[in-house]
There are 2 protein chains.
Amino acid sequence: MPASRLGSAGKESGLMSVLSLPRPYLLFLGDVTDLSYAKTAAGLRDWVPDQCVAEWALPGNPLRLGLPVMNPAEAARAGARALVIGAATMGGALRPAWVPALLEAMEAGLDIISGMHMPLASIPDLKSAAERLGRQLIDVRRPPADLPLGTGRKRTGKRLLTVGTDCALGKKYTALALAQAFTRAGAKATFRATGQTGILIAGGGVPMDAVVSDFLAGAAEALSPDAPADHWDIVEGQGSLFHPSYAGVSLGLLHGSQPDVLVICHEFGRKRIIGLDAHYPIPSIEEVIELNLMHARRVNPDVRVGGISLNTSKLSEDEARRAIETESRRTGLPCADPIRGGAAFDRLVEACLEPEAALAQ
Amino acid sequence: MPASRLGSAGKESGLMSVLSLPRPYLLFLGDVTDLSYAKTAAGLRDWVPDQCVAEWALPGNPLRLGLPVMNPAEAARAGARALVIGAATMGGALRPAWVPALLEAMEAGLDIISGMHMPLASIPDLKSAAERLGRQLIDVRRPPADLPLGTGRKRTGKRLLTVGTDCALGKKYTALALAQAFTRAGAKATFRATGQTGILIAGGGVPMDAVVSDFLAGAAEALSPDAPADHWDIVEGQGSLFHPSYAGVSLGLLHGSQPDVLVICHEFGRKRIIGLDAHYPIPSIEEVIELNLMHARRVNPDVRVGGISLNTSKLSEDEARRAIETESRRTGLPCADPIRGGAAFDRLVEACLEPEAALAQ
């Protein structure tokens, strides 16, 4: 899919207070040989292939993403403006073995972009090389410094927000798939990223969980500014109002996004909130709808639910179809798994775009 | 009121991840001649007089709080451990005229505590003097560096949280008054501070609005750790679930506090949310109860509403009494203005301590 279809945060939209990344990218895989540790790179390849000039791994690493293989000098000649660290490590630390490669990239004229916990500038060799060469070291986990406070002012344009019964069940993927489908359907739509992988895909955004809490709603407001009346911002959700660790982030994002449409994301069969020792049951979809609408109406009385995005990745094709049909019948809402797509997803997209379609379900 | 009645965050309770301030204080008034710009100092004098060794103003400033007047050397000899900047300026910047006084305090052996926006260490003369003399420059707006993520684990002991229909209507005052009244009634109670003035009063706490949003609930959990079964943490609320700028802070604090009892704070007659150009009506007390309980039950199914704290500061004595009675009858809950105290406040305290009392109202 061409990147333009997902829109682009930052420069072209003239956003303040939002990260804006240099693109296109050279995807760096380091010495990571397992694709599950190179999800960031794989996500970029899948969602913004025309922003991915090439891939590059350390010598001897056989991992390939299917892009042209180039070293930094070759990638720079081919138009790349930044190297993205597309590999992850346990603990989020940068491996010392990667540093010479990053220095080589800066020498070749590339900025460095990282989504790791450890700030790039905390590595003295990288910091001094960046200063000497005039390159940027960009940590997408670090929010912009000039975030405003939330104002609650009603903005022009339309907004869709993905919300969840839990963390890590498809809110980003759903928002990306909806932005793509909206554009395909002829609507103007921009994916608005709120987490590090989303920000790399969009070329900008705000890492909501790293924002100082006083500025949560203001950051979300800055992320989806005034727009033409027929333009959709498709905002990547974070956390869940029902998650005892992260609900504050979800509420700040919900208020600041002023959504016109909510899409409820759920993983079929998940029984308990992940990442906690304490047992917290997954709330019902109905509870999630009720509580999100109560809060969203505070900033937009006309907010409605577009439908349900059901993650059926653990089901067979047949089981998934049945689960989707059952959930749709039970709730009276369009339901689809965006990864499986198909007619169910088309109906979900229609319902999000056109309230009448949703009511006719 | 003796400070010990409000308990003390920090060292004695062995809290991790929570600010702990050196006390007692010398209260510094600078060149501020208007008491309304010295509210921090006045609040400390009122709530923790035995932690206030003395007051000190710049030469020629006639403002007095009624404490002994001492210079830093005298205050240090009288036991003071820190100078608190008890005066405020428009914009939160520190006045250059104050710097020599702060240097004199450090020379006399005192640490410096500030609740201003501008970090103390951003003033080179203060920074170098602190390093040279081994003094602390403590900004109570800056949260501890080692905050944990929220776990949702049920903790021992009891917790009361003040929540509001808006910001700035008495959540801190209500929590302080309840902590004092609980102690007077023979209960073990500790005031837990979540904003800068509260932190100065308590001698510790976490400035919730300055916490990185991922750690909101974790910070609130750290603030009120496991305690004996009959001990009450009285947690100072922040913001409002209905405030479009700050609701995320309120929800993180609500989840992390795991309250057993909520006290709803409201200002009589306030019609719209303050601090916004956009018009947001004040929610009804019933809406505030419903939404706070929905969220609070997620972390503590047994949570209940103790009653209503009604700010009647704009009413006459008679009007206030009628307003309090009307609100109590209308909602079926104990209602009082803690500043006015009296029998209504005693009933509110009883209802918070004893669920049976609340039901019998």
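Which way do Ala82(A), Leu83(A), Val84(A) and Ile85(A) point from strand β4 of chain A, and are they buried or exposed? That was my starting point today, and I kept in mind that this is a predicted model.

**Entry 1: strand β4**

I looked along β4(A), residues 82–85, and found Ala82(A) and Val84(A) pointing one way. Leu83(A) and Ile85(A) point the other way, and all of these residues are buried.

**Entry 2: the neighbours of β4**

Next I checked what β4(A) pairs with. Strand β2 of chain A, residues 25–30, pairs with β4(A) in the parallel sense, over four bridges. I picked out one pair there: Leu26(A) has Leu83(A) of β4(A) as its bridge partner.

Then I turned to strand β5 of chain A, residues 111–114. It runs parallel to β4(A), and three bridges join the two. Leu83(A) turned up again, this time with Ile112(A) in β5(A) as its bridge partner. I also noted that Val84(A) stands opposite Ile113(A) in β5(A). To get from β4(A) to β5(A), the chain goes through helix α3 of chain A, residues 99–107, and this β-α-β crossover is right-handed.

**Entry 3: the whole sheet**

I zoomed out and wrote down the strand order in chain A: β3-β2-β4-β5-β6. That is an open sheet of five strands with parallel pairing. Which strands are the edge strands? They are β3 (52–57) and β6 (137–139) of chain A, each pairing on one side only. From one strand to the next, the twist averages 25°.

I also looked for a helix lying on these strands. Helix α1 of chain A, residues 39–47, lies across β2, β3 and β4 of chain A. Its direction is at about 150° to β2(A).

Last, I went to where the chains meet through a pair of helices. I reminded myself that two packed helices are described by the angle between their axes and the distance between the axes.

Helix α9 (residues 285–299) of chain A and helix α9 (residues 285–299) of chain B have axes that come within 12 Å and cross at roughly 140°. So α9(A) counts as oblique to α9(B). I noted the crossing of α9(A) and α9(B) as left-handed. Which residues make the contact? On α9(A) they are Glu290(A), Leu291(A), Met294(A) and His295(A). On α9(B) they are Glu290(B), Leu291(B), Met294(B) and His295(B).

Methods: Residues are numbered from 1 along each chain as its sequence is written. Chains are lettered from A and ligands numbered from 1 in the order in which they are written. This is a predicted model: local features need pLDDT of at least 70, side-chain atom pairs count only at pLDDT 80 or more; totals for chains, interfaces and linings use all residues. Side-chain values use heavy atoms; hydrogens and water are left out. Buried means under 20% relative accessible area, exposed over 50%, partly exposed in between (1.4 Å probe, protein chains only). Two strands pair if DSSP finds at least two bridges between them. A crossover is right-handed if, with the strands pointing away from the viewer, the path from the first strand over the helix to the second runs clockwise. Axes are lines fitted to C-alpha atoms, for helices over the stretch in contact, and angles run from 0 to 180 degrees between N-to-C directions. Contact means heavy atoms within 4.5 Å. Angles under 35 degrees count as roughly parallel, over 145 as roughly antiparallel, 65 to 115 as roughly perpendicular and the rest as oblique. A crossing is left-handed if the near helix is turned anticlockwise from the far one by less than a right angle, and right-handed if clockwise.
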